[in-house]
Amino acid sequence: MKRHVIYLDNAATTRTAPEAVEAMLPYFSEQYGNPSSIYSVGCAAKEAVIKARETIASTLGAKTNEIYFTGGGSEADNWALVGVAEAYAEKGKHIITSKIEHHAVLHTCQYLEKRGYEVTYLDVDENGIVKPEEVERAIRPDTILISVMFANNEIGTLQPVREIGEIAKRHKTLFHTDAVQAYGHVPIRVDELHIDLLSASGHKFHGPKGIGFLYLRAGVKMRAFLHGGQQERGRRAGTENVPGIVGLGRAAQLAFSRMEENGAREKELRDYLIGRMEKEVPYCRLNGDRERRLSNNVNFSFRFVEGESLLIMLDMKGICASSGSACTSGSLDPSHVLLAIGLPHEIAHGSLRLTVSAENTREEMDETVDAVKEIVAKLRDMSPLYEDFQKGKSAPERI
Amino acid sequence: MRKKKVVVGMSGGVDSSVAAYLLKEQGYEVIGVTMQIWQEEAQEKPGREEGGCCGLSAVEDARRVAQFLGIPYYVMNFRKEFREKVVDYFVGEYLHGRTPNPCIACNRYVKWESLLHRSLAIGADYIATGHYARVERLANGRYAICHSVTAAKDQTYALYSLTQEQLAHTLMPIGSYEKDKIRSIARELGLPVANKPDSQEICFIPDHDYAGFIDRETKGQAPGPGNFVTAGGETLGVHKGITHYTIGQRKGLELAMGRPVFVTQIRPETNEVVIGEGEDVFSKELLCGQVNYMAMEEGELDAKGTRRAVAKIRYAHKGAGCRIEKAGEGRIRCTFEEPVRAVTPGQAVVFYEDGYVLGGGTIIRE
């Protein structure tokens with residue numbers, strides 16, 4: 001019995017676009033050559049990698065020699081931070097980032113702290129937005145890098161990247177942005193935004209998994225990430241993941257050509273979902289900024305509800321959702337992002353992230369709201385806290 | 001009719017894996033759940049041996065088994081409950097000179113109270129575990145745990161505190177099988193964990209250094225050295241701190257007395273450890289509190305207000321004949337036929353009759 005599945009976890013991963021899969025297939029079968037070899041089978045592979053690099057570069061307004069393929073977004077983040085930190089250690093050892101970064105950035109910062117670097121973790125406002133003036137205030141003579149994400153993976157907030165980029169430029173410090181959730185979803189021009197490094201990941205915009213890239217502005221010093229062959233300008237050795245790169249390029253092409261249309265459709269689904277939820281589910285709270293928000297992101301907290309049970313019951317109904325970030329969903333501790341925007345522990349526990357794609361339908365949104373309504377009511381029925389609250393024992397605390 | 005839904009607590013080990021399989025065979029709609037209780041601390045110490053039933057590898061193994069059996073599988077986080085109800089309790093008891101049994105606390109508050117509540121909330125009718133014990137409905141209408149058919153692996157002792165309500169929603173499918181049979185079922189099925197060794201010891205202290213654990217947990221605030229004394233008040237030497245000792249302990253006292261001596265009492269209020277000889281470690285009776293009645297109802301006693309039973313005073317105890325009687329609210333006094341060795345405050349005493357758990361309580365120092 002195969003049930004209809006409603007997939008609402010597109011921030012975790014997306015379905016690989018059939019066009020991307022199709023583009024990749026020949027590079028497993030006929031065109032299996034190594035791009036570094038001289039014969040024609042290899043040349044075809046090399047050509048495919050060059051094409052993909054051109055595609056990616058053009059989407060950012062970058063040059064082809066500024067695109068480095070990586071094994072995904074986390075690798076790009078790790079490399080950006082460690083590579084810059086090591087290359088600029090003589091200039092200084094101070095890095096500025098925010099409290100709501102992905103763990104690929106946060107844990108890399110912690111790694112650097114253990115090796116003598118100093119990291120400033122900036123607070124965010126109640127909507128999850130970094131304040132540019134606080135970035136500026138944190139800059140010191142020994143600051144070598146500012147790393148602030150383009151859009152948050154849990155609550156979808158779009159950060160003031162342009163302002164931060166301008167500040168970085170003014171203070172002659174480098175600016176990295178983790179654009180894993182944003183690339184392919186919103187327009188990004190690296191020159192206009194003064195971005196020096198940018199991380200992206202294929203499977204977040206209907207490309208394949210295990211492939212991503214780092215944009216690195218020409219002229220920025222950078223330590224090599226993998227040592228070996230001359231691939232990726234000698235900075236990231238290892239035979240290229242040709243099918244992955246081809247799929248990434250094709251997916252980027254599709255994402256940028258359909259960006260406006262898909263974005264509008266997602267936004268419509270998102271706002272419909274938010275609207276119904278707020279109208280029909282009592283004691284819920286939309287996390288994140290209403291306006292400055294990815295078009296695919298919905299994140300709600302429900303009081304008196306355990307997020308874990310809600311997710312399990314949604315899964316039983318064939319609805320794929322998440323509590324925040326896929327990487328931590330094995331261990332449902334309250335999200336560092338929700339705590340950073342000031343939610344108390346017990347409310348941060350009862351949160352639900354629904355991330356749509358243009359492939360979703362309005363009927364699916366209806367089914368989802370109906371399911372959430374029913375489950376939340378059922379869980380509250382069994383919650384002693386809710387019972388106390390209903391009896392008016394505990395004063396209602398505003399969320 | 002709708003299939004009955006059961007949440008199986010899966011540790012990734014053989015017993016709970018086979019339990020899930022058996023329930024599926026019996027026609028239940030089975031959902032596998034691993035309770036995450038102590039992962040963070042283990043993660044911080046990479047390379048440390050995974051101890052007990054609920055470590056990191058538990059999740060991976062249990063997930064594989066669930067996949068193999070074709071059942072839905074989830075991880076539920078019970079870290080907060082485990083921290084409060086098991087770890088904090090464990091540390092607190094030692095600081096009060098008692099010797100706790102954390103498995104009983106875990107069963108009572110985490111495995112049953114919390115898991116059952118969340119399982120019912122997600123629409124389950126029962127929870128099930130891979131314990132070697134059986135749940136039966138008795139003629140008097142009460143539910144009781146009774147010995148598994150594998151006497152060697154009896155796990156009823158740590159389950160005495162389950163309430164009637166909890167038992168009504170509990171299944172223990174492997175209690176009717178021999179341990180060897182469970183292993184052979186696992187092998188025949190080709191379960192990915194068929195050859196995994198049984199878990200042992202307290203899961204959150206895999207190095208067995210309880211005193212060291214308590215020191216870390218209390219950030220060095222645990223009571224320090226004090227005096228070894230005799231019951232008569234004579235000082236014999238200096239001990240390392242009361243958390244290092246338990247009643248009946250002979251080894252590691254570092255007292256040169258020329259004859260075997262034992263810990264007979266721990267006095268937290270004066271930070272003293274009382275030392276005695278062989279016969280001082282034996283008791284004719286004990287008092288227990290926080291009693292949970294299981295097979296018997298409170299007050300189901302003979303004309304003299306007593307009842308014959310077999311008492312187990314620690315997990316590995318073989319059991320001793322005794323008479324029990326009420327001794328105030330929630331308390332039972334137990335008089336043994338023969339004196340028993342090392343009655344230890346903080347441990348549980350569990351009373352049995354014909355293999356059924358009558359009830360039990362926590363041993364109190366008089």
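User: At what angle do the axes of helix H1 (residues 14-25) of chain B and helix H7 (residues 179-189) of chain B cross?

Analyst: They cross at roughly 70 degrees and come within 10 Å. Bear in mind that this is a predicted model: local features need pLDDT of at least 70, side-chain atom pairs count only at pLDDT 80 or more, and totals for chains, interfaces and linings use all residues. Residues are numbered from 1 along each chain as its sequence is written, chains are lettered from A and ligands numbered from 1 in the order in which they are written, and side-chain values use heavy atoms, with hydrogens and water left out.

User: Why is H1(B) called roughly perpendicular to H7(B)?

Analyst: Axes are lines fitted to C-alpha atoms, for helices over the stretch in contact, and angles run from 0 to 180 degrees between N-to-C directions. Under 35 degrees counts as roughly parallel, over 145 as roughly antiparallel, 65 to 115 as roughly perpendicular and the rest as oblique. The crossing is roughly 70 degrees, so H1(B) is roughly perpendicular to H7(B).

User: Which residues in H1(B) meet H7(B)?

Analyst: Val14(B), Asp15(B), Val18(B), Tyr21(B) and Leu22(B), and their partners in H7(B) include Ile182(B), Ile185(B) and Leu189(B). Contact here means heavy atoms within 4.5 Å. The contact residues split into eight nonpolar, no polar and three charged.

User: What makes S2 and S4 of chain A edge strands?

Analyst: Two strands pair if DSSP finds at least two bridges between them. The open sheet's order is S2-S8-S7-S6-S5-S3-S4 (chain A), seven strands with mixed pairing. S2 (67-70) and S4 (118-122) each have a single partner strand, so one side of each is left without a neighbour in the sheet.

User: How do you know that S3 (residues 94-98) of chain A pairs with S4(A)?

Analyst: Five bridges join S3(A) to S4(A), and the two run parallel. The cut-off is at least two, so they count as paired. His94(A) stands opposite Glu118(A) in S4(A).

User: At what angle does helix H6 (residues 161-170) of chain A run to S6(A)?

Analyst: About 155 degrees, with H6(A) lying across S5 and S6 of chain A.

Conventions. Helix = DSSP H or I, 4+ residues; strand = E, 2+ residues; numbered from the N terminus. Nonpolar A, V, L, I, M, F, W, Y, C, P; charged D, E, K, R; others polar.
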